[in-house]
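Please take the topics one at a time and find each named part in the picture as you go.

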Amino acid sequence: MKETIVARIRGLKESNPELFKDKVDFMLVEEEELLRTYQTSKEFVIVTTKRLIFVEVLGMSGKTQEYRTIGYSKINSFSVETAGTFDFESKLRLWIFDSGVFELEFAKNTDIKPLLRIIGRNSL
């Protein structure tokens, strides 16, 4: 079976969740909290207690944004490729029910262990 890569985000670095609260506050439900955030120059991955939120900034002005959310229950499986000697990035692949594969590539020295614990705890 051929994998369909739905989204591929490269160069993610961890950032302060408080900086993104106003960007997703309108989407959060009761008792949902931001746990971690990762970003590139035009994309964000926001990790909450209930889901992952992907934000892509579109267009030249940056005013248009696309939001995609994935509840942990929709994650069928995930894999991790750790950084090696010559390949500095860590990669996380998420297989999403009825969607395809989301591939996240993290910049050098980004600790993704806390993210893996969150996904493991909530998707199993």
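**Aromatic pairs, strands and a contact site**

In this predicted model, the count of aromatic pairs comes to 4. One of them joins Tyr38 and Phe106, whose ring centres lie 5.2 Å apart with their planes at 80°, so the pair is edge-to-face. This pair links distant parts of the chain, since Tyr38 sits in strand β2 and Phe106 in strand β8, 68 residues apart.

**The two rings and their surroundings**

- Tyr38 has a relative accessibility of 0% and therefore counts as buried, the cut-off for that word being under 20%.
- Phe106 likewise has a relative accessible area of 0%, and it is buried.

**The sheet as a whole**

- The strands form an open sheet of 8, in the order β5-β4-β3-β2-β1-β8-β7-β6, and their pairing is mixed.
- The edges of this sheet are β5 (64–71) and β6 (75–81), each of which pairs on one side only.
- Neighbouring strands of the sheet are turned against each other by 25° on average, when direction is ignored.
- Helix α2 (residues 113–123) packs on the sheet, where it touches β2, β3, β6, β7 (90–96) and β8 (100–106), and its direction makes about 155° with that of β6.

**Strand β3 and its two partners**

- Strand β2 (residues 34–39) and strand β3 (residues 43–48) run antiparallel and are joined by 5 bridges, and the two form a hairpin with 3 residues between them.
- Within this pairing, Tyr38 has Val45 as its bridge partner in β3, while the partner of Arg36 in β3 is Val47.
- On β3 and strand β4 (residues 51–58), the pairing is again in the antiparallel sense, over 5 bridges, and these strands form a hairpin with 2 residues between them.
- Val45 also has a bridge partner in β4, namely Phe54.
- Strand β3 is mostly covered, with 6 of its 6 residues buried: Glu43, Val45 and Val47 point one way from the strand, whereas Phe44, Ile46 and Thr48 point the other way.

- Glu3 lies in the segment before β1 (5–15), and with 37% relative accessibility it counts as partly exposed.
- When neighbours within four places in sequence are left aside, Glu3 is in contact with Arg93, Trp95 and Val101.
- Glu3 and Ser41 are 38 residues apart in sequence, and from C-alpha to C-alpha they are 27 Å apart in space.

Conventions
Residues are numbered from 1 along each chain as its sequence is written. This is a predicted model: local features need pLDDT of at least 70, side-chain atom pairs count only at pLDDT 80 or more; totals for chains, interfaces and linings use all residues. Side-chain values use heavy atoms; hydrogens and water are left out. Two strands pair if DSSP finds at least two bridges between them. Helices (H or I, at least four residues) and strands (E, at least two) are DSSP runs, numbered from the N terminus. Axes are lines fitted to C-alpha atoms, for helices over the stretch in contact, and angles run from 0 to 180 degrees between N-to-C directions. Contact means heavy atoms within 4.5 Å. Buried means under 20% relative accessible area, exposed over 50%, partly exposed in between (1.4 Å probe, protein chains only). Rings of Phe, Tyr and Trp (its six-membered ring) pair if their centres lie within 6.5 Å; planes under 30 degrees apart count as stacked, over 60 as edge-to-face and the rest as tilted.
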